Amino acid sequence: MKIEFSDEQVNIMQNALTTWSAKAQLACLVEECAELIVAIQKQVNRGKDNVAAILDEIADVEIMMAQCRLHLGITDEDLRERITFKMDKVQKALGN
């Protein structure tokens, strides 16, 4: 389940960071995460079929996370290493 952005999309993200500032885009990431939380809570707590809203919010969060990674210089390899570390912890917690 790999999300890849085209060169054009990466350029758009870089322009957004330059135009609106990294600080503003990081604040936007926080906002998008909060909106995702709300959409998920509606699904869980109210039993509301909210998949379309969750999908939209996941897309927004993915875009903003990609901008965050661009700004902070986090590479795919950096992220892969941390994911492996975290998944190993989950596997141990599951007793596998």
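Me: Is lysine 2 buried or exposed, and what is its relative accessibility?
Reply: Happy to start at this end of the chain, keeping in mind that the model is predicted. A residue counts as exposed when its relative accessible area is over 50%. Lysine 2 therefore falls in the exposed class, with a relative accessibility of 56%.

Me: Which residue does lysine 2 meet in a salt bridge?
Reply: Side chains of opposite charge can pair when their charged atoms come close. For lysine 2, the N to O distance in the salt bridge is 3.8 Å, against a cut-off of 4 Å.

Me: How many salt bridges does a search of the whole structure find?
Reply: Another joins aspartate 76 to arginine 69, and arginine 80 forms one with glutamate 77. The search of the whole structure gives a total of 3.

Me: How far apart are the closest N and O atoms of aspartate 76 and arginine 69?
Reply: Let's look at the surroundings of each side chain on the way. Aspartate 76 is partly exposed, at 40% relative accessible area, and arginine 69 is also partly exposed, at 23%. Their salt bridge brings the closest N and O atoms to a separation of 2.6 Å.

Me: Where do arginine 80 and glutamate 77 both lie?
Reply: An α-helix has 3.6 residues a turn, so residues three or four places apart point the same way. Arginine 80 and glutamate 77 are 3 residues apart, about one turn, and their salt bridge has its closest N and O atoms 3.1 Å apart. Both are partly exposed, arginine 80 at 43% and glutamate 77 at 42%. The element that holds them both is helix α4.

Me: What distance does α4 reach from its first C-alpha to its last?
Reply: The helix has 18 residues, and at 1.5 Å a residue the expected span is 26 Å. The model comes close to that expectation. Just after α4, glycine 95 takes a positive phi of about 85°. From first C-alpha to last, the helix reaches 25 Å.

Me: Which helix gives the largest share of the nonpolar patch?
Reply: The patch covers about 630 Å² and is made by Leu72, Ile74, Leu79, Ile83, Met87, Val90 and Leu94. Methionine 87, for one, has its place in helix α4. With 4 residues, the largest share comes from α4.

Me: How many disulfides does a search of the whole structure find?
Reply: A disulfide needs two cysteine sulfur atoms within 2.5 Å. The search of the whole structure finds none, that is, 0 disulfides. For cysteine 28, the nearest cysteine sulfur is that of cysteine 33, at 9.7 Å. Cysteine 33 has its closest cysteine sulfur in cysteine 68, and the gap there is too far for a bond because it is 9.3 Å.

Me: What is the relative accessible area of cysteine 33?
Reply: Between the limits of 20% and 50%, a residue is classed as partly exposed. Cysteine 28 belongs in that class at 22%. Cysteine 33 is partly exposed too, with a relative accessible area of 30%.

Me: What separates the C-alpha atoms of threonine 18 and alanine 39?
Reply: Threonine 18 has its place in helix α1, which covers residues 7–20, and is exposed at 60% relative accessible area. Alanine 39 is 21 residues away along the chain.

Note on methods:
Residues are numbered from 1 along each chain as its sequence is written. This is a predicted model: local features need pLDDT of at least 70, side-chain atom pairs count only at pLDDT 80 or more; totals for chains, interfaces and linings use all residues. Side-chain values use heavy atoms; hydrogens and water are left out. Patches are made of residues with over 30% relative accessible area and no salt bridge: like charges are joined within 9 Å, nonpolar side chains (Val, Leu, Ile, Met, Phe, Trp, Tyr) within 5 Å. Accessible areas come from the Shrake-Rupley method with a 1.4 Å probe; for residues, only the protein chains shown count as cover. A salt bridge is a side-chain nitrogen of Lys or Arg within 4 Å of a carboxyl oxygen of Asp or Glu. Helices (H or I, at least four residues) and strands (E, at least two) are DSSP runs, numbered from the N terminus. Buried means under 20% relative accessible area, exposed over 50%, partly exposed in between (1.4 Å probe, protein chains only). The expected span of a helix is 1.5 Å times one less than its number of residues.
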